[in-house]
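Colleague: Please take a close look at the aromatic rings, and explain the terms as you go, since I am new to this kind of description.

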Amino acid sequence: MYDIEHEAEDHSRTIVHIDIDCFYAQVEMIKDPRLYQIPLGIKQKNILVTSNYVARKYGVKKCMLIADALKVCPNLEIVKGEDLYDYRKMSYQVTSYLQKYSVLVERLGLDENYVDVTQLVDERLKHQNPNIDVRGNLFNNIAETCVCGCVERLKMGSVIAQEIREGVLHELKLTTCAGISYNKLLAKLACSLHKPNEQTVVFPNHAVALMLSLSNVSEIPGVGSATDEILEKINIRTIEDLQKCHFETLIQALNGDRAKWLVDLSYGRDNSVVKTSGRPQSIGLEDSCKVLNVETEVREKFHQLLMRLIILVSEDGRIPTTIKVTIRKFDSVSKVSHRETKQCNIGPNLFSTDKITRMISLNEQSEKKLLSIVMNLFKKLVNTSRSYHITLLGLSFTKFKERFDGKNSIASYLMNDLAVQSVTSIERKNSISQPQTSLQTVCSTDGSENEIEPLPKKSRLGSLVSRCARLGDSDYSSPSKLRVADLRLNSRDSDHGDTGYLDTVASSREIECPPNADKDVFKELPSDVQQELWEDWKRNRSHEDPHDKPFKKAKTNTLLNYFLKN
Ligand code: TTP
Ligand code: MG
């Protein structure tokens with residue numbers, strides 16, 4: 001048997017898991033408040049993906065067939081939930097709100113987020129009376145005895161979780177549940193113990209009890225049907241089976257790391273970190289329809305999609321450089337439908353930035369141009385001179401570039417990237433007093449899934465950070481100073497006058513500004529970044545396009561790409 005006792009358990013973190021109550025239903029109720037009082041189901045095709053809690057009282061359950069739901073609740077009001085636009089938008093607003101509390105916010109699907117509030121808890125405990133009560137529910141209702149300090153930390157975590165939930169309710173009109181513990185696994189499980197609109201804390205002494213309360217191994221987050229089937233073959237059904245299993249047999253069935261991971265989970269142990277979610281690699285919309293077979297209708301549909309997509313992209317703040325068209329064609333001979341896509345590059349100069357709102361937008365001419373690009377792509381997919389039968393149209397933007405100013409700018413990007421990578425550890429070392437204040441400036445408004453930022457930028461920022469660290473504490477006693485003074489590109493907003501860092505790294509030698517970069521912006525950069533930009537430009541110069549198309553010609557993933565004029 002794998003000896004779980006060997007490794008000392010770490011309770012130093014405080015993790016809050018937030019899950020929005022009956023998410024799609026709440027979004028619909030916000031849009032139409034009449035629905036708050038009546039049983040409501042949200043349908044996709046012929047099933048209910050969720051329902052409000054009024055409907056749940058009648059026995060309506062998630063994933064029920066509509067026909068079955070209507071049997072238990074004949075008064076059920078049903079709203080279509082196939083268009084995810086509003087849900088996605090609200091989802092990002094929630095993540096964005098949570099980022100006020102930590103840079104470490106990880107999205108899980110549309111309605112769940114992990115927030116690592118360790119740092120905020122530590123700060124609060126330094127300044128506030130630690131004799132506070134747990135807010136909300138306490139799993140097993142028994143006082144904790146651990147001496148590592150986790151009791152106070154988790155109690156403070158429960159106070160913060162309550163604040164977060166009250167904030168989400170106040171700002172976004174959504175009720176949520178929260179689980180608070182020292183790891184992600186326990187926080188997530190705790191979250192589902194009391195619903196809706198409640199929160200639950202799990203202390204370390206009761207971690208094993210919480211795990212044993214699960215009826216089956218498949219209830220462990222991360223155990224999908226494939227793992228479940230493997231476990232079933234070796235007669236592991238319950239959490240207890242897993243804890244007592246013959247470890248060599250488990251290793252033979254799964255690989256060694258996974259076997260160890262699984263046994264750890266069965267004891268409530270989970271060292272996985274809260275990973276800051278990147279931004280989406282693509283932003284798209286699809287619309288299914290019964291039949292589209294006339295070009296003017298296709299154009300009109302694409303126009304509608306484009307207009308909505310532009311709003312999403314402007315909220316994201318980055319500039320897309322590729323557009324992709326998706327269609328679903330029905331073949332009347334074979335009677336089957338299939339999807340096809342076609343994409344092409346678009347010039348970033350199609351987009352402009354509003355001087356006041358800093359939102360990106362399209363003017364009428366660019367809109368027309370983009371629509372004609374879309375129609376050309378469509379015609380590559382469909383021979384419009386013959387009859388055709390389209391049942392879905394989709395548009396998406398991909399391959400985003402950062403802008404140069406505003407909250408989603410390169411400065412913000414750099415800060416965000418830096419925050420993800422290293423600033424948290426620096427902050428910890430230097431005991432920063434109000435992390436949440438700086439985070440509002442640093443974090444992008446978008447916390448969506450899966451984007452891995454290109455490595456070169458990370459390593460160069462890593463070196464910036466390590467140099468910061470070598471410069472001593474006084475230079476960055478505030479994280480906002482570190483980020484704003486060292487990385488902000490707009491000198492007027494900068495407060496670097498009272499910091500040593502810029503002065504220290506600024507070289508007396510003037511480095512030439514690449515002709516395709518903004519001189520004012522360039523002037524404010526640390527000298528080594530200037531040097532790198534200059535070197536980048538020199539490297540790319542041999543490929544320069546005489547017609548001034550810097551985005552096309554500059555190599556991807558170079559720092560220069562982020563500083564070229566918009
Ligand atoms: P859940 O968090 O599972 O459910 P919920 O938020 O509606 O309800 P709860 O109060 O129990 O947390 O899922 C989040 C949203 O995801 C849900 O509102 C609808 C959608 N969804 C699907 O699209 N397909 C599905 O199969 C399920 C279960 C949910
Ligand atoms: Mg939910």
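**Aromatic rings and their neighbours**

Modeller: In the protein chain, 51% of the 566 residues count as buried; buried denotes a relative accessible area under 20%, exposed one over 50%, and partly exposed anything in between, with a 1.4 Å probe and protein chains only. The model is predicted, so local features require a pLDDT of at least 70 and side-chain atom pairs a pLDDT of 80 or more, whereas totals for chains, interfaces and linings use all residues. Residues are numbered from 1 along each chain as its sequence is written, chains are lettered from A and ligands numbered from 1 in the order in which they are written, and side-chain values use heavy atoms, without hydrogens or water.

The secondary structure of the chain comprises 22 helices and 15 strands. These elements are DSSP runs numbered from the N terminus: helices are H or I with at least four residues, and strands are E with at least two.

We may now turn to the rings. There are seven aromatic pairs in the structure. Rings of Phe, Tyr and Trp (for Trp, the six-membered ring) form a pair if their centres lie within 6.5 Å; planes under 30 degrees apart are stacked, those over 60 are edge-to-face, and the rest are tilted.

One of the pairs joins Tyr 97 and Tyr 101, whose ring centres are 6.1 Å apart; because their planes stand at 50°, this pair is tilted. Tyr 97 and Tyr 101 are both buried.

Another pair is formed by Phe 378 and Tyr 388, with ring centres 6.0 Å apart; their planes meet at 70°, so the pair is edge-to-face. This pair links distant parts of the chain, 10 residues apart: Phe 378 belongs to helix α14 (residues 364–381), and Tyr 388 to the loop between α14 and β15 (390–401). Phe 378 is classed as buried because its relative accessible area is 0%. Tyr 388 is likewise buried, because its relative accessible area is 10%.

Ring pairs also connect Phe 23, Tyr 24 and Tyr 87 into a cluster.

Finally, some rings have a charged side chain over them. A charge counts as sitting over a ring if NZ of Lys or CZ of Arg is within 6 Å of the ring centre and within 35 degrees of the ring normal. Lys 184 is placed over the face of Tyr 114, 5.0 Å from the ring centre. Over the ring of Phe 400 sits the charged end of Arg 318, at 4.4 Å from the centre of that ring.
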